[in-house]
Each structure stands twice: as structure tokens, then as C-alpha cells.
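Q: I have a structure open and want to learn how to read it. Can we go feature by feature?

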Amino acid sequence: NLIEAAKRAACQQAVKDNFSPSFKYVGIGSGSTIAYVVEAIAALGPEVSAGMKFVPTGAGSTKLIRDAGLTVLQVPELLVEVGFAGPGTSRQHLDIYFDGADEVDAELNCIKGGGACLFQEKVVSRLSKKFICVADSRKKADRLLTKWAYVPIEVSPIAAELVRQALIDLGSKDPVIRFSPSTTTYLITDNHNYLIDAPFPTLLLNSQAELIDPAKGLWTPDALTAKIRGILGVLEVGIFSGLTGPQATAAGPDVEGVKP
Ligand code: DER
């Protein structure tokens with residue numbers, strides 16, 4: 001159908017424009033769009049990908065890489081392989097990281113986590129020199145939480161209700177602990193945690209930081225990320241900030257050079 005064709009075309013273009021045979025380590029995200037990135041890389045032939053290692057962002061991503069005949073390298077083994085060069089040295093060991101998103105704003109900040117893999121996705125994005133986000137037109141919005149309604153948050157199961165209440169204090173209208181579509185129990189992530197999907201009003205752009213007004217529920221992606229991350233029981237927040245430099249707050253830049 002048209003959406004799948006658009007996703008596949010975007011992925012083929014993203015690989016064509018950004019993939020190099022010189023790469024050693026390539027990050028692979030989660031979800032349905034990324035499957036077309038892996039398909040496009042595999043189509044380059046084993047002579048291109050044979051020497052490369054592909055770093056997954058969860059069980060589904062691992063299976064996708066394996067099924068395409070590409071070499072999987074999990075984050076712990078990557079860090080052993082590249083070694084630790086000492087305090088303050090770069091951790092951006094991956095040449096590139098491809099992934100999808102649930103929503104992307106005009107400053108290339110993303111909502112991610114619809115596929116429940118946001119924690120490992122953020123780990124891999126932090127370990128990458130560049131994050132190529134492939135998202136079809138349905139994901140494009142001027143500001144986050146315009147089309148996508150909530151922020152996915154990975155939380156400790158034992159503290160999930162405590163976090164849910166703290167999110168209500170923060171202005172989220174009806175945060176819910178995500179149920180698993182296949183069972184009548186809460187979804188368990190690859191990291192053995194729960195997810196809370198917390199609706200918030202539309203987020204400002206990071207460049208509008210001066211307009212932040214928590215009393216009116218006005219946040220920027222960076223400010224809301226830092227605030228939610230500070231709640232006891234939260235592991236990670238499904239907001240990826242594309243900005244680096246002065247506007248990046250304690251939340252830190254998750255990606256360099258995010259491109260749709
Ligand atoms: O969970 C995520 O952030 C994924 O990237 C995902 O939500 C995008 O999924 P899609 O490619 O199937 O739309």
C-alpha cells in the first residue's frame with residue numbers, strides 16, 4: 001500500500017544517502033520502518049556488509065539483523081570490543097544509527113517508544129555519531145504531541161503506580177501503564193520493565209524555551225525530558241532531542257544531526 005511504499009522508498013533513500021562501505025558499527029532501531037533499512041543494506045550484498053557489525057535496540061531488532069544474514073553485536077560486547085579510552089573521551093563508537101520514530105517536530109526532536117524499545121534506542125543513539133531518523137509523512141508535525149498523543153516512559157514495575165501519580169502531578173491528564181496486546185497483563189519491555197504512556201499538551205520547540213510555563217503545561221522537549229527523568233522509578237523517556245549545544249539541557253543531546 002501507499003504508506004509501506006513510502007516507508008520503503010524513504011529507507012532506500014536514507015541508506016543511499018548515508019550508508020558507506022567504510023562503516024564498522026551500524027546501529028539498527030526497532031519498529032516496522034527500520035525493516036526496510038535492513039533490507040536496503042542487505043541488498044548491497046555481503047561484500048559490503050560482511051565486515052560490519054550491527055548493534056540492535058532490542059529483541060525484535062536483533063532478529064531483524066540476524067534474519068537478514070548480518071552480524072549482530074550487542075552493546076555490552078561492543079563496549080568490550082572498542083575498549084574504554086578514559087574519562088571524557090568520545091563514546092560515539094557507532095558510525096551511524098538508523099531508526100524510526102512516532103513523531104518528529106520542526107527541530108527534528110522525536111517521540112519514540114511506540115514500539116516499547118525506547119531505552120535501548122536511546123542508548124544506541126548516544127553511542128552513535130549520527131542518527132538517521134526515517135519517518136513517513138504521518139509522523140511529521142510542527143511540534144511534538146500534535147499528532148502523537150503521549151510520551152512513552154520506561155519505568156520500574158514496582159514503582160509504576162508511584163510514577164503514574166507523579167506524572168499526574170506534572171500535568172499529564174491520564175497516564176496509563178501499557179497493556180500487552182497479546183495478553184491481559186502489562187507489557188514487559190526487553191529490559192523487564194513496564195511502560196507508561198503519558199499524554200501531555202503539545203510541546204513547544206526547544207528554541208522556544210523562554211515560553212516554558214509548567215503551570216500552563218507548557219514544556220519544551222528537553223525540559224519535559226529532564227523533569228520526567230527526575231521522577232523516582234523512571235528509567236528513560238521517549239523524547240529524543242535533536243538539538244546539541246547551548247539549548248541542550250541536562251537531558252543532553254541524544255542525537256547529532258538528526259535527519260528525517
Ligand atoms: O518505538 C520506536 O521508537 C520505533 O522507532 C517506532 O515507534 C517506529 O515504528 P514504525 O516504524 O513501525 O512506525
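Q: Phe19 and Phe23: buried or exposed?

A: Buried means under 20% relative accessible area, exposed over 50%, partly exposed in between, with a 1.4 Å probe and protein chains only. Phe19 is buried, and Phe23 is too. Keep in mind that this is a predicted model, where local features need pLDDT of at least 70, side-chain atom pairs count only at pLDDT 80 or more, and totals for chains, interfaces and linings use all residues. Residues are numbered from 1 along each chain as its sequence is written, and side-chain values use heavy atoms, with hydrogens and water left out.

Q: How many aromatic pairs are there?

A: A pair of aromatic rings is described by the distance of the centres and the angle of the planes. Rings of Phe, Tyr and Trp (its six-membered ring) pair if their centres lie within 6.5 Å; planes under 30 degrees apart count as stacked, over 60 as edge-to-face and the rest as tilted. The count here is six aromatic pairs. Phe19 and Phe23 make an edge-to-face pair, with 5.5 Å centre to centre and 85° between the planes.

Q: Which residues do ring pairs link into a cluster?

A: Tyr97, Phe131 and Phe240 are linked that way.

Q: Which charged ends sit over the ring of Phe240?

A: A charge sits over a ring if NZ of Lys or CZ of Arg is within 6 Å of the ring centre and within 35 degrees of the ring normal. Lys112 places its charged end 5.5 Å from the ring centre of Phe240. For Lys122 the distance to the centre of the Phe240 ring is 5.0 Å.

Q: Which residues are closest to the ligand?

A: A residue is near a molecule if one of its heavy atoms lies within 4 Å of it. The ligand is surrounded by 14 residues, and the closest are Ser32, Thr33, Asp102, Gly115 and Lys139.

Q: What is the pLDDT average of the protein chain?

A: pLDDT is the predictor's confidence in each residue, from 0 to 100. The protein chain averages 93, and 93% of the residues score at least 70.
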